[in-house]
Amino acid sequence: MRTATIVLVAYLCCVVVAALWRLVPWIADAIPDLGALTAAYLGLTARRQVSPAIGGAIVLGYLIDLISGAPAGLVALVLGLTTLVARAVQQRILVRGAVISVAFSAFVALLAGIVSWLVRELYGVPTAAFGVELRHLAGVTIATAIIGPLVWRMFRRIDAAYARTHRERDAALEGLAP
Amino acid sequence: MTLRSRLVDWSLTAVLILLPALVLRASLARGTPSPLDKALLRITAPLETGVSWVIEGIGGTWSRYVSLVDVEAENRELREDNERLRKQLAAMARRAYDVAALEDLAVVKKRVPFDTLGARVIGAPLSPQFRVVRLRIDRGDREVAAGMPVITSQGPVGRIDKVYGDYADVVLISDPSSRIDVVIRDPAQPPNAPSGERGLLVGLGRADSYACKIEWLERQGRTAPSQSRVKVGDEVVTSGLGATFPAGLVVGKVSKIIGDDGMFQSVEVNPAVDVSRVRAVMVLLAPPPPPDPDARTKRRSEAAFGARPL
């Protein structure tokens, strides 16, 4: 239920961002990668089983594929892989505080961008010129880094709402791994 | 967590990762959305439309009503620009009108064999009914003299009445003191050969119109009785006999038959020149010199320099 709520909220945020970014064409290249942030959060906060987090990320990715017009499965695969990476670093990193949140958001956006580029190259999906891809990746990374702490906080609130004990609630709000 | 459940979890994860990879391959091979894609798009489209509507509404409200910081300054600048451009436009229109009047005068100058002098109208006193009663031109006693006729390309305007300093007043043909010898143009004759009924055009001096009248209109030059009556719309031209205006200038058209006693007719004439719109005029200074009797007998001189044709 928690994963479903996070996925649903993330999807709504993606729709809002898509509509909002059309009004600011001068930063059209710098769209925050909410999907990657969500996938990373699901991976970081996955409890014993990783498959629900992967499933949630893939569903979100599929929905993003539909609204963005990308080939179905592209973003889903990228977000699935991002969740796996986040799960892998779960025991080694603690995302707390503004600086780490910003840095980790940037890292996630960069990772998702690189994975996306690799997948597109692997599957023969047309890509832009390298310079254009690089500029787009830089814009997305910066935008994601800026908006990342807010997204983390929002997801922590959702986690706190689903906490069964006070301790779990406090831990969720503090950004501690479950 | 037991090894079995861990295996199940990782197997499920592998399947889940494999699934979008397969979907992506199929999607790229197919090139079009699958039925599932279409169904999901149909379900999610209203949500996306609603969100877009709300956000665009807020954005529109912001840009139309809130984000108007520089609009006042811009509005003021645009108003000033508008005023400046209006003035420029008026000046250009006035200049264009002057140029048109001067071009008109150039045509008259070429057409009229007299010595002429162009002049600008610098004043036009009005009657209480807003009719021009006389014109003031920018030529003075060193250039023009009283009695000189004044014309435009449309026809005669009047005669110089008073000259003082650098200015001169023109008495209009509609003034009661004006007298011009005219003829009614015979439609059967060529335009430059005035013939037909002859008379004296006198201004009526009306405050509300520029009308003139011809009294004692003599019948001559027309043989058939049906042609011996002047009709409304007949053209009135100068006869050239008054030693003022050259012959053939269109004065106006007959607008009304005032009287007809069998021998003489009396008609009202509407002048061809709209005096209220006249901006430049031509003063006729002197008649053309008499023709040179030796003009055809003289031998043309040869070129002094340059190549000569073989």
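Predicted model: local features only at pLDDT ≥ 70, side-chain atom pairs only at ≥ 80, totals over all residues.

Colleague: Where does A46(A) lie?

Modeller: A46(A) lies in the loop between α2 and α3 of chain A.

Colleague: What makes A46(A) count as buried?

Modeller: A residue is buried if 20 or more other C-beta atoms lie within 10 Å of its own. A46(A) has 24 other C-beta atoms within 10 Å, so A46(A) is buried.

Colleague: How far apart are the C-alpha atoms of A46(A) and Q90(A)?

Modeller: They are separated by 8.5 Å, while the two residues are 44 residues apart along the chain.

Colleague: Which secondary structure does chain A contain?

Modeller: Chain A has 7 helices and 0 strands. Of its 178 residues, 44% are buried. Among contacts in chain A between residues at least 6 apart in sequence, 71% join residues at least 24 apart.

Colleague: How do you know that the length of α1(A) agrees with its number of residues?

Modeller: The expected span is 1.5 Å times one less than the number of residues. For the 20 residues of α1(A) that gives 28 Å, and the end C-alpha atoms are 28 Å apart, so the two agree.

Colleague: Which residues of α1(A) are buried, and what do they pack against?

Modeller: The buried residues of α1(A) are T3(A), I6(A), V7(A), A10(A), Y11(A), C13(A), C14(A), V15(A) and A19(A). They pack against α2 (34-44), α3 and α6 (130-161) of chain A, together with α2 (35-66) of chain B.

Colleague: Why is α1(A) called roughly parallel to α3(A)?

Modeller: The two helices pack at an angle of about 25°, with their axes 10 Å apart. Angles under 35 degrees count as roughly parallel, and therefore α1(A) is roughly parallel to α3(A). Their crossing is right-handed.

Colleague: Which residues make that contact between α1(A) and α3(A)?

Modeller: From α1(A) they are T3(A), I6(A), V7(A), A10(A), Y11(A), C14(A), V15(A) and A18(A). From α3(A) they are P52(A), A53(A), G56(A), V59(A), L60(A), L63(A), I64(A) and I67(A). The residues of this contact divide into 14 nonpolar, 2 polar and no charged.

Colleague: Why is α3(A) called roughly antiparallel to α4(A)?

Modeller: The axes of α3(A) and α4(A) come within 7 Å and cross at roughly 150°. Angles over 145 degrees count as roughly antiparallel, so α3(A) is roughly antiparallel to α4(A).

Colleague: Is the crossing of α3(A) and α4(A) left-handed or right-handed?

Modeller: α3(A) passes α4(A) in a right-handed crossing. The residues that α3(A) brings to the contact include A53(A), A57(A), L60(A), I64(A) and S68(A). Among those from α4(A) are L74(A), L77(A), G80(A), L84(A) and R87(A). The residues of this contact divide into 14 nonpolar, 5 polar and 2 charged.

Colleague: How many residues of chain A are in contact with chain B?

Modeller: 24 residues of chain A are in contact with 26 residues of chain B. On the chain A side, the elements that give two or more residues are α1 (2-21), α3 (51-68) and α4 (74-88). α3(A) gives the most, with 7 residues. That side of chain A divides into 17 nonpolar, 6 polar and 1 charged.

Colleague: What does the secondary structure of chain B come to?

Modeller: Chain B has 3 helices and 12 strands. Of its 310 residues, 23% count as buried. Among contacts in chain B between residues at least 6 apart in sequence, 55% join residues at least 24 apart.

Colleague: What makes V273(B) count as buried?

Modeller: The cut-off is again 20 or more other C-beta atoms within 10 Å. V273(B) has 25 C-beta neighbours inside 10 Å, so V273(B) counts as buried. V273(B) lies in the loop between β11 (265-271) and β12 (280-286) of chain B.

Colleague: Which residues does V273(B) touch, not counting residues up to four places away in sequence?

Modeller: V273(B) touches T152(B), Q154(B), G155(B), V157(B) and V278(B). V273(B) and I151(B) are 122 residues apart in sequence, and their C-alpha atoms are 9.0 Å apart.

Definitions and conventions
Residues numbered from 1 in each chain as written. Chains lettered and ligands numbered in written order. Contact = placed C-beta atoms within 7 Å. Helix = DSSP H or I, 4+ residues; strand = E, 2+ residues; numbered from the N terminus. Nonpolar A, V, L, I, M, F, W, Y, C, P; charged D, E, K, R; others polar. Buried ≥ 20, exposed ≤ 12 C-beta atoms within 10 Å, placed from the backbone. Axes fitted to C-alpha atoms, helices over the stretch in contact; angles between N-to-C directions. Parallel < 35°, antiparallel > 145°, perpendicular 65-115°, else oblique. Left-handed = near helix turned anticlockwise from the far one by under 90°.
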